[in-house]
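Let's take a walk through this model together, with the sequence and the structure side by side.

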Amino acid sequence: MDNIAIELRGIDKSFGPVHANKNINLKVRKGTIHGIIGENGAGKSTLMSILYGFYQADSGEILVDGKAVSIRDPNAAIAAGIGMVHQHFMLVENFTVLENIMLGAEDSQILNKGIAKARVELKRLEREYALEVDPDAVIEELPVGLQQRVEILKALYRRADILILDEPTGVLTPAEADHLFRVLEQLKSQGKTVILITHKLREIMAITDEVSVMRRGEMVATRTTAETSVEELAELMVGRRVLLRVEKGEARPGEVKLAVEGLTVKDGRGVTMVDNVSFNLKAGEIVGIAGVAGNGQSELLEAISGIRRAVSGSVHLNGKPIEVTGRADPSDLRNRGLAHVPEDRHHVGLVLKFEECENAILGYHHDKRYLNGVFLNVDAIRKDAEKRIAEYDIRPPNPRLKTANFSGGNQQKIVLAREMERGPDVLIIGQPTRGVDVGAIEFIHRRIIEMRDQGMAVLLVSVELDEIRALSDRILVMFAGRVVGERGPDATEGELGLLMAGVEGRKEAAE
Amino acid sequence: MDFFHVLVVLLESTIRVSVPLIFAALAGLFTERAGIFDIGLEGKMLGAAFAAGAVAAVTQSVWMGLLAAILISIALSLVHGYASITQRGNQIVSGVAINFIVAGSTVILGEAWFRQGGRTPALGEGARFQTITFPYADSIREIPILGPIYSDLLSGHFILTYVAFAMVPISWWILYRTRFGLRLRAVGENPGAVDTAGISVIWMRYRAVICCGILCGFAGAYLSLAMTAGFVKGMTAGKGYIALAALIFAKWRPFNIMLACLLFGFLDALAIRLQGNPLPLIGQVPVQLMQALPYILTVILLAGFIGKAIPPKAGGVPYVKER
């Protein structure tokens, strides 16, 4: 028993009517990497927030090193030797690395003494764990990989023995993720315990010793990683068999639907975000744009769909130009056969306070079939919404429900249904499965392939490399605003990873 | 009157009118750096001025007046804090409410207690601040250039004037060189980082609000105990808003705040100086235009000349843990 670092007994937590954690029991062995996997909303983050003292459990016990502890706030968690690396980094962006690491553990009222001490301690940690970072760099100027390193150092600085990482690879390049895993192995070899929360099965298989699966607030199973398989874990997560590979036939590309030529876009500060990008998109093919978030993909989508003005370049839709450098009008583009599923459905794709049926016609509300003279034809709108709900299996099937009350996957289906069902020539999709659970991902992927097979031209932007590789017929890789390479659907992850990291050329990752 | 003499007089009155601005803008610095918008500087200053005038009139003690000013101002700050920190209300609404309540209640209470049309009784010598004359100020006044600078510009101000200018480096030191300051700035940028570091966001913000109260207390006391001898209704006359403009103009930095306040003070002094005097070339300028100048300047300069003023990131947003 003495090799158990953390034990949870009967943890229960509700947020109003939502039962987030139901009678959770969990044992994490000391000196191991323990994965916790589950779909979005399965209750993983809630459970870890309880362990870190961010929320209080309604009932249940937490034992650290075999002793029952009461973790009422993050202070108590830190005192118990628990550190957490949050999904959204808890860093003050305009502070230096050193200031962030010190914050809350400054030692003395006057900073000068503490700074000197922290510098020495930081150097020691850097040596011990191979986590170099410039202590005087300002956080907002560091790449995300290094920001995450600062979060880890913050926990180690507070002498954490148990490290919780919440979806740590979401913002990292494949190379950065690999480096993170090496760091975690290193921590493990030094006797630290690591809890890794993720929804990516591959990561679980690659690095954990044991894995616990959560589904709808319950802990459904714990397995030794070496003795389980991706298929078994996926089934445990979803509660039924899931097809992990998307089946699709050969693409039959037709004529060019969308031609992008020398497109350059700058952001509000005048920084070039898209740099002289050219490509063609043909009917009946899916072109995937891979890249680490923030390398210009978002701006590219916005420019093509008429939301953001480009500085130079041209875009032709069905052979006719779009005024990307002038007043391109999204609703005009929509009428010309270009549909857009935006990356950020909460801010751009949906009005969360509207009813489902209102969102289902957003942007198409001038369509004659929804109108009765100058008034909306509410009956027609609802009837149409009900049809879509049935086709796309949107749950709960209630067109009058406020959109905010649908889960991420169902919200995404509302947007997809709206944009796909008009039969556009060109479909532009950003992050189709961000925050969407495994079951819905399967559905969305199948739908996208169906659209392609019906002859639609699909431009797909995703930060999930697996998704790009599974769906695309051609893959373009963006780095620092430029398209740095084009590959076929059989490109290896290592090859794409190097391109995404800005290492040009065809050097393969060391096998 | 030669040009130099005019300049010294102008600068002297610049300093005089800048003092309440500096106090109030530094007060706003503490709250806004902690992530709480504070449009209620005006009201706190006015409340403090009234408390100072009333208590000094009754007790005949300038120090009791100052103490009362600080206490009332802290109390008003805590009301703002309770509404915006604990109850997570809208910070602008709460600040405006304080301005209105104070503007009305000072007149009502003043009339009820002293029956002088909302004024407090004129204060005698012991009940108001006296100017401090530096040693030899009179004897070296005749020395050209340096004499007037020493005797008129540096010497002959109230103790609160010197306190105000001392508060600039002190505020900088607190914000940038102490643990309290580090946490205060952090709470205004990313309260989540502070919370996960095991520090109470609520308590940090309350402490910031109290700092603001103290400084607004000084600002109010200066108005009714130093600049004039007693409280007059509405005597802040928008100084709280000018201080707020100076704070934004200065991009939330202590030394810039001092310079911005001096600039606005200078414009104010110039407006007074030019009343009734025609400008060369332009001729008679309406006094209202001169009075509006600080605001016009803020708008113009903020619109492009000083670059973007980036406020503390968490400003105006009550802290709620996820969900």
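The report below goes from domains and chain contacts to cores, helices and single residues.

## Two domains in chain A

Please keep in mind that this is a predicted model. Chain A is divided into domain 1, residues 4-238, and domain 2, residues 256-500. The C-alpha centres of domain 1 and domain 2 of chain A lie 34 Å apart.

Where the two domains of chain A touch, 10 residues of domain 1 are in contact with 12 residues of domain 2. On the domain 1 side, α6 (174-189) and α8 (230-238) of chain A each supply at least two residues. Helix α8(A) gives the most to that side, with three residues. By type, the domain 1 side that touches domain 2 divides into six nonpolar, three polar and one charged.

## Where chain A meets chain B

The contact between the chains takes 22 residues from chain A and 18 residues from chain B. On the side of chain A that touches chain B, helix α2 (residues 74-79) of chain A gives the most, with three residues. That side of chain A is made up of 12 nonpolar, six polar and four charged residues.

## Nonpolar cores

In soluble globular proteins, nonpolar side chains tend to be buried together. Here, the largest nonpolar core holds 156 residues. Those that touch the most other members are F23(B), A25(B), A52(B), A219(B), A246(B) and I257(B). Helix α9(B) brings the largest share of this core, 15 residues.

Leaving out residues up to four places away in sequence, I257(B) touches I22(B), A25(B), L26(B), L29(B), A246(B), L247(B) and A250(B). There is also a second, separate core of 73 residues, and V292(A), L300(A), A328(A) and M456(A) are among them.

## A helix pair in chain B

Two packed helices are described by the angle between their axes and the distance between the axes. In chain B, the axes of helix α3 (residues 62-86) and helix α9 (residues 201-227) come within 7 Å and cross at roughly 145 degrees. The crossing of α3(B) and α9(B) is right-handed. In the contact of α3(B) with α9(B), 17 residues are nonpolar, nine are polar and one is charged.

## Two covered helices in chain A

Helix α1 (residues 44-51) of chain A is mostly covered, with eight of its eight residues buried. They are K44(A), S45(A), T46(A), L47(A), M48(A), S49(A), I50(A) and L51(A). Just after α1(A) comes G53(A), with a positive phi of about 80 degrees.

Why is helix α9 (residues 297-304) of chain A described as largely enclosed by the rest of the structure? Eight of the eight residues of this helix are buried, so α9(A) is largely enclosed. Its buried residues are Q297(A), S298(A), E299(A), L300(A), L301(A), E302(A), A303(A) and I304(A). G306(A) follows α9(A) and has a positive phi, near 85 degrees.

## Loop residues in chain A

Most residues other than glycine have a negative phi, and most peptide bonds are trans. Q431(A) is not a glycine, although its phi is positive at about 45 degrees. You can find Q431(A) in the loop between β19 (426-430) and α15 (438-453) of chain A. Q431(A) is buried because 23 other C-beta atoms lie within 10 Å, and the cut-off for buried is 20 or more.

A491(A) lies in the loop between β22 (482-487) and α17 (493-500) of chain A. Because A491(A) has 21 C-beta neighbours inside 10 Å, A491(A) counts as buried. Not counting residues up to four places away in sequence, A491(A) touches I475(A) and L496(A). A491(A) and I475(A) are 16 residues apart in sequence, with their C-alpha atoms 8.4 Å apart in space.

## Loop residues in chain B

R115(B) is found in the loop between α4 (91-114) and β1 (131-132) of chain B. Its phi is positive, near 50 degrees, in a residue other than glycine. Is R115(B) buried or exposed? With 10 C-beta neighbours inside 10 Å, R115(B) counts as exposed.

V285(B) sits in the loop between α11 (254-274) and α12 (287-305) of chain B. It counts as partly exposed, because V285(B) has 15 C-beta neighbours inside 10 Å. V285(B) and I242(B) are 43 residues apart along the chain, and their C-alpha atoms are separated by 22 Å.

Key
Residues numbered from 1 in each chain as written. Chains lettered and ligands numbered in written order. Predicted model: local features only at pLDDT ≥ 70, side-chain atom pairs only at ≥ 80, totals over all residues. Helix = DSSP H or I, 4+ residues; strand = E, 2+ residues; numbered from the N terminus. Buried ≥ 20, exposed ≤ 12 C-beta atoms within 10 Å, placed from the backbone. Contact = placed C-beta atoms within 7 Å. Axes fitted to C-alpha atoms, helices over the stretch in contact; angles between N-to-C directions. Left-handed = near helix turned anticlockwise from the far one by under 90°. Nonpolar A, V, L, I, M, F, W, Y, C, P; charged D, E, K, R; others polar. Core = buried A, V, L, I, M, F, W, Y, C linked by C-beta atoms within 7 Å. Domains from an automatic or database assignment.
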